[in-house]
Amino acid sequence: MTASTRQTRFKIGGMDCASCAAKIDTAVRRLDGVADVSVSVTGASMTVSHDGPLADDKVLRQVARLGYGIVKDSAAASRTHGQHGDHEHDHGHDHDHDHHDHAGHDHGKGTASRSASAPASAALHVHGGAEPGQPWWRSSRALLTLACALALAVAYVAGHAFPAAERWLFLAALLVGLVPIARRALMAALAGTPFSVETLMTIAAVGAVLIGATEEAAAVVVLFLIGELLEGVAAGRARASIQGLADLVPKMALVERNGGTAEVPAEQLAVGDVIVVRPGDRIPADGEITDGSSDIDEAPVTGESTPKRKGVGEAVFAGTISADGVLKVRVTAAAADNTIARVVRLVEEAQEAKAPTERFIDRFSRYYTPAVLLVGALVAVLPPLLVGADWSGWIYKGLAILLIGCPCALVISTPAAIAAGLATGARRGLLLKGGAVLEGFAGINAVAFDKTGTLTEGKPVVTDVVAYGRDEGGVLSLAAALEQGSSHPLAVAILGRASAAGVAVPLASGSKAISGKGVEGDVGGVAVFLGSAKAAAERATLTEAQRAAIEGLNGQGKTVSALVADGAVAGLIAMRDEPRADAAAGIAALKGDGIRTVMLTGDNRSTAEAVAASLGMEARAELLPQDKQRIVGELKREGLKVAKVGDGINDAPALAAADIGIAMGGGTDVALETADAAILHGRVGDVWRMIRLSRSVMANIRQNITVALGLKAVFLVTTIAGITGLWPAILADTGATVLVTANAMRLLRWRG
């Protein structure tokens, strides 16, 4: 995308499958000035890239002709994009739009398109989707299906009462459903998709009427509409799973204004506003606590089951719950940029990026549908022409083959599973940028981790307190007295340990930092120094036992501070950036699946090896960014498919070099722009869960393709053999479509 390329976003109603997206994509690409098109089924949206001004009314009319509702998304106005969107390691953004079509299912089937200027609330639901909160059975698609079914039932009853009119009654019932299907077939053909499922249905139904099978034709149309309705319901479940995330954010917020509070819509909150959150309330925006403390339940957003105690200065996410305290929170992100909005946006964009399997199915379907038409025609005409077989019987078989050959089930098999997988991952804090990334995880057999902030918490904690001549509490008390008011990470660690141990911290006088050595002061009349062991040795004599203790702690990768009181060593305090609580289990899970793990860090060798040994993995230490990139390249040359896990910024070269780059982080700090995937809540075990999710999705796709093609093969044979006819033929297609969609929806219940 060039720096001058602009994008305009539209919301689309009634789009419930990959074929709908393909038909819309093909139609819009034919318009002048359109450079690229990305359609998200789950997001019910379309993004059109264009180099110059775009005539919005042409886009609106082009999509409306296909029977879909469309309105310009005013919340995402046309904007200019620079090069930052072009990631050199961009999996899946191959906009290869050689489309199939199962194209445009019935989705709404029969309702007239409204004008482009129709209100959004109306335009978005022209094509058959239910209004928000409206049950599926009240949608226009459901009403059309019901009308067609009732017409068929009336034809059966009236046909028995008036046998002479039976054929005309069934013809009328057929037209109720077939007219809107035929209209959409025509519109799709004019928009560049001549071989759509509507085309096959129309030809089969008209042909059946011509050979006297009007009753069967009417029944086939009803079965087709029922199948499409069921597919739409299943697709709605996938969309609802992502919409459920957006619904976590409360609609209203209490804002401090003019010395009081006022309730305002959460979407109107601006950066810098101070909001009040009461116990039990959901937090309406990303922000920083300015007053109060509370246990924050982050499970709705991160899946973390244990609430976290947070106080002044700490970040909170929109959609999380303040359990037991009143908080004042300064908003740090507008509604469109909060954590949940970014997650939803990421998933919607991810579903616009086709997986390799999906792209293959698309290309295959481009030739498959016309091939089905050709085979059906040959079956209908060759036997009568070559061996004098009965024309009516073989035409009937040819029409049945058209229905068997509908590519619906095959086309939906992959995107349905991919959509469900992406949605499931997002709800568990596993964010993947597209189907290609999700599919790629299945082949990962090596994972390279950064250390600080990835395998470890990213901040030191006190691990050992060794006292000489006094107890541990006394050592912590003196050390904490010197460190009061300091924001240095080691000082914070000591103060945190003292607080956790309930140690009284006296006041220190005359405290001052000594550059490169430590800090000194007077505590209760005692001259105290806290600093490096080397600096401490200049002020007191270290015994052999003390030197051995220091060396032992250093050998474990720990930083040791020595406390000197009145000229004698009073204690040693060892600190280290400790592994995350689940790091060992996460690494063990990866190794249990035969996946190689390696730590790549710029930290010193002894610290790296000590941490790696505690986790049971190999370590490469004292590395520069280019060294990490080189090692990732070496692993790939060994034939391994490598995922690199890091913070997404310092590790950018290695993340880009890896087959898949994963950003480890939380909330708004997740480096989504750099990596192919992100772990929202920072659990090492989630790397293994991503791989497991990918393998589950790929297994689901294989099952779907087997069902789709297997049923077609069986019914193709039985149809040519004269065992089955039009009814089983449409069941072979519609039934397979429902089966593969339902199978894909099982992924929404995946628990990892």
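Lys-23 is buried, with a relative accessible area of 0%. In this predicted model, Lys-23 forms a salt bridge with Glu-198, and the closest N and O atoms lie 3.8 Å apart. The pair links distant parts of the chain, with Lys-23 in helix H1 (residues 18-29) and Glu-198 in helix H6 (residues 197-210), 175 residues apart. Glu-198 is likewise buried, its relative accessible area being 0%.

**Further salt bridges**

- The structure holds 25 salt bridges.
- Arg-309 forms a salt bridge with Asp-324, and the closest N and O atoms are 3.0 Å apart.
- Arg-309 lies in strand S11 (residues 308-310) and Asp-324 in the loop between strand S13 (321-322) and strand S14 (327-331), so this pair ties together parts that are 15 residues apart in sequence.
- Arg-309 is partly exposed at 46% relative accessibility, and Asp-324 is partly exposed with a relative accessible area of 44%.
- Lys-517 and Glu-538 meet through their side chains in a salt bridge of 3.3 Å, N to O.
- That pair links distant parts of the chain, 21 residues apart: Lys-517 is in the loop between strand S18 (508-514) and strand S19 (518-523), and Glu-538 is in the loop between helix H17 (533-537) and helix H18 (544-555).
- A network of salt bridges links Arg-596, Glu-618, Arg-620 and Glu-638.

**Nonpolar surface patch**

- Leu-374, Leu-378, Leu-382, Leu-385, Leu-386, Val-387 and Trp-391 make a nonpolar surface patch of about 730 Å².
- Helix H10 (residues 356-387) gives the most to this patch, with 6 residues.
- Leu-382 lies in helix H10 and counts as partly exposed, at 34% relative accessibility.

Methods
Residues are numbered from 1 along each chain as its sequence is written. This is a predicted model: local features need pLDDT of at least 70, side-chain atom pairs count only at pLDDT 80 or more; totals for chains, interfaces and linings use all residues. Side-chain values use heavy atoms; hydrogens and water are left out. Patches are made of residues with over 30% relative accessible area and no salt bridge: like charges are joined within 9 Å, nonpolar side chains (Val, Leu, Ile, Met, Phe, Trp, Tyr) within 5 Å. Accessible areas come from the Shrake-Rupley method with a 1.4 Å probe; for residues, only the protein chains shown count as cover. A salt bridge is a side-chain nitrogen of Lys or Arg within 4 Å of a carboxyl oxygen of Asp or Glu. Helices (H or I, at least four residues) and strands (E, at least two) are DSSP runs, numbered from the N terminus. Buried means under 20% relative accessible area, exposed over 50%, partly exposed in between (1.4 Å probe, protein chains only).
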